[in-house]
Amino acid sequence: MLKTVVLSSLEKVKPEGNFGAEVKKYTALKNDPLSFQIAFKLENTDAKSDPVHIRIESELDVSLYYVGYVPVIHTDNVGFDNPPPVGIYPDMLHKRQINPKIVDEGYPWASSTFEVGEDKRINAYNDAWQSIWLIVNENGKNMPTGKHNVTVKFLTNCGKTVAAKCVVSVEIIGAKLPQQKLYCTNWFHCDCLADAYGVEVFSEEFFVLLKNYAACAAKNGQNMILLPAFTPPLDTPIGTERKTVQLVKIAAENDKYTFDFSLMKRFIDVCLSAGIKYFEHSHLFTQWGAVAAPKICAIVNGEYKKIFGWETKASGKKYKKFLEQYIPAVLKFLKGEKLDKRTLFHIADEPTESNRVTYTAAVNTVGSLLDGYMVGDALSDVVFYEQGIVKTPIAKTRDAIDFVGKCDNLWIYYTGEEIKGGMSNRLIPIPSERNRMIGVQMYYFDIKGFLHWAYNYYYGVLSHGKFDPKYEANAFAGGGTSYLVYTGADGEPIQSMRQKVFYEGINDMRALETLEKLTSREYCMKLITDTFGEMNFYKAPKTAEQLLQFRERVNKEIKKRV
């Protein structure tokens, strides 16, 4: 027989099992994507494996994924209070067709049924749990209110036998999530994308990939994307270079520069068509200190060459003259595209007290050129904001409480290191409820934006060597900090469980905003503290069930008022 268990999206179904209680009833708002899983395994049978075919019956729109496993071979040095075990973890979401035709290819010595259009079949095993991931209303359209069923059948015996049947109840509440107000960006690495698929940067093939990957990001709550006006000076050892990914075409003659933004316009247009709404201009100075200019190339006397880089002093006269011509030009272009107020500008990433002098000098080099525009950087020290050095602070979560109440435009970010004491993060081994909890925290502390350093970073530490996370763990302990999506062979990204769960957190934030309009902010804040206690950025739910029940409570409170 085939054993099945319906589980929430917060469970991680490892081969050995050990997951939580079954959950067969859910609620959602009209435009709310809703994910759940069904774990399955052969039991009480002599068969060691058997092909299964999934059939879905529902008046609701349902997407189907098979959950794939990835290796995590090192977890002990990333700050876990109790390091999770190494091993394989569920994370990849392999897209499956809904109810494709089943064919029997006729081999007498083994079961040989396949689904038309699928290159791999799903096998159930007697010695490992697996799961499928279902999403009701993945694209966030409006669903009909009322109670609905999603019936999922597992077929065996060439599709002739119903080996298991699950009926999941979904109640759609007659209210909608508001438009997402949160700025959300995960840095998009163009060089990684090009290298992963073996294409030239900004080639026709590249722009096809860009649209696919940007659309996947937009579908999961990322509404801002890194705009590589110049090659982003990120994760680059001093004196070395990453592959050139510069959108701005420049002609230089002595200290005079002309700019061509046609390639930038194409990049922007592709991203807008994919659903992206905001952009963040690549950093104007090098990471961790702002001591130099980024790599910038231009045509000089008919030759395309590097004109600025590590040898260019950040606060020097030559680079200052360049910025005095470039910034007005790019602002004029962005204003013409109606994007100047929808673009975040960066000075340099992660300034600290040890390099406050050089960072401040870089800010002074830019001077008043970006006055009136959104300018901010990731940082930890509140002094940078208090002294007016950084206008839009993007605070590391472990230090963000120092900023709360001091500014009304606070953003937050984390890396793979912010995990102690229950902090939210989305490393692969971290319980999913801690990933999703970020939404409640962002609502409670009125956070305006979220930034993460990697959507698709497939290099090792400091950009040494590329890797494929589907098959090998990279140098970042814990797994998953440098990527939210995996590379698909067909040019489509493979989504991750972590990406979906993080988006659920954003939608928890939006649901609270819906409830706030029907009640008050104070009402919602009390609902949070009554459930979780005093809030901070170290607050993890006690269990996955606690967070699920909280969202159900929010939905119930909304339903009573609509």
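This is a predicted model: local features need pLDDT of at least 70, side-chain atom pairs count only at pLDDT 80 or more; totals for chains, interfaces and linings use all residues.
User: How many helices and strands does the protein have?

Analyst: The protein has 11 helices and 25 strands. Helices (H or I, at least four residues) and strands (E, at least two) are DSSP runs, numbered from the N terminus. The radius of gyration is 25 Å, close to the 24 Å that the globule rule gives for 562 residues, so the protein is as compact as a globular protein of that length. That radius is taken over C-alpha atoms, and the rule is 2.2 Å times the number of residues to the power 0.38. Along its principal axes, the C-alpha trace spans about 80 × 60 × 45 Å.

User: What share of the residues is buried?

Analyst: Of the 562 residues, 60% count as buried. Buried means under 20% relative accessible area, exposed over 50%, and partly exposed in between (1.4 Å probe, protein chains only). As for contacts (heavy atoms within 4.5 Å), residues 24 or more positions apart account for 72% of those with a separation of 6 or more.

User: How is the packing of two helices described, and at what angle do α1 and α2 pack?

Analyst: Two packed helices are described by the angle between their axes and the distance between the axes. Axes are lines fitted to C-alpha atoms, for helices over the stretch in contact, and angles run from 0 to 180 degrees between N-to-C directions. Helix α1 (residues 190-197) and helix α2 (residues 204-219) pack at about 115°, with their axes 11 Å apart. Cys190, Leu193, Ala194 and Tyr197 of α1 meet Phe206, Leu209, Leu210 and Tyr213 of α2. These contact residues divide into eight nonpolar, no polar and no charged. Here Ala, Val, Leu, Ile, Met, Phe, Trp, Tyr, Cys and Pro count as nonpolar, Asp, Glu, Lys and Arg as charged, and the others, Gly among them, as polar.

User: Which residues of α1 are buried, and what covers them?

Analyst: Cys190, Asp191, Cys192, Leu193 and Ala194 of α1 are buried. Their cover includes α2 and α3 (262-273). After α1 comes Gly198, whose phi is positive, near 65°.

User: Which strands pair with β10, and in which sense, parallel or antiparallel?

Analyst: Strands of a sheet pair through backbone hydrogen bonds, either parallel or antiparallel. Two strands pair if DSSP finds at least two bridges between them. Strand β3 (residues 34-42) pairs with β10 in the antiparallel sense over seven bridges, and Phe40 has Gln130 as its bridge partner there. Strand β5 (residues 62-72) is also antiparallel to β10, over five bridges, with Val62 bridged to Val136.

User: What is the strand order in the open sheet of four strands, and why is one side of β16 and of β19 left without a neighbour?

Analyst: The order is β16-β15-β18-β19, with mixed pairing. β16 (256-260) and β19 (303-308) stand at the edges, each with a single partner strand, so one side of each has no neighbour in the sheet. Neighbouring strands are turned by 40° against each other on average, direction ignored. Helix α4 (residues 317-336) packs on this sheet, touching β15, β16, β18 (296-300) and β19, and its direction makes about 35° with that of β16.

User: Where does Met374 lie, and is it buried or exposed?

Analyst: Met374 lies in strand β21 (residues 374-379) and is buried, with a relative accessible area of 16%. Leaving aside neighbours within four places in sequence, Met374 has contacts including Tyr183, Phe345 and Trp411.

Notes. Residues are numbered from 1 along each chain as its sequence is written. Side-chain values use heavy atoms; hydrogens and water are left out.
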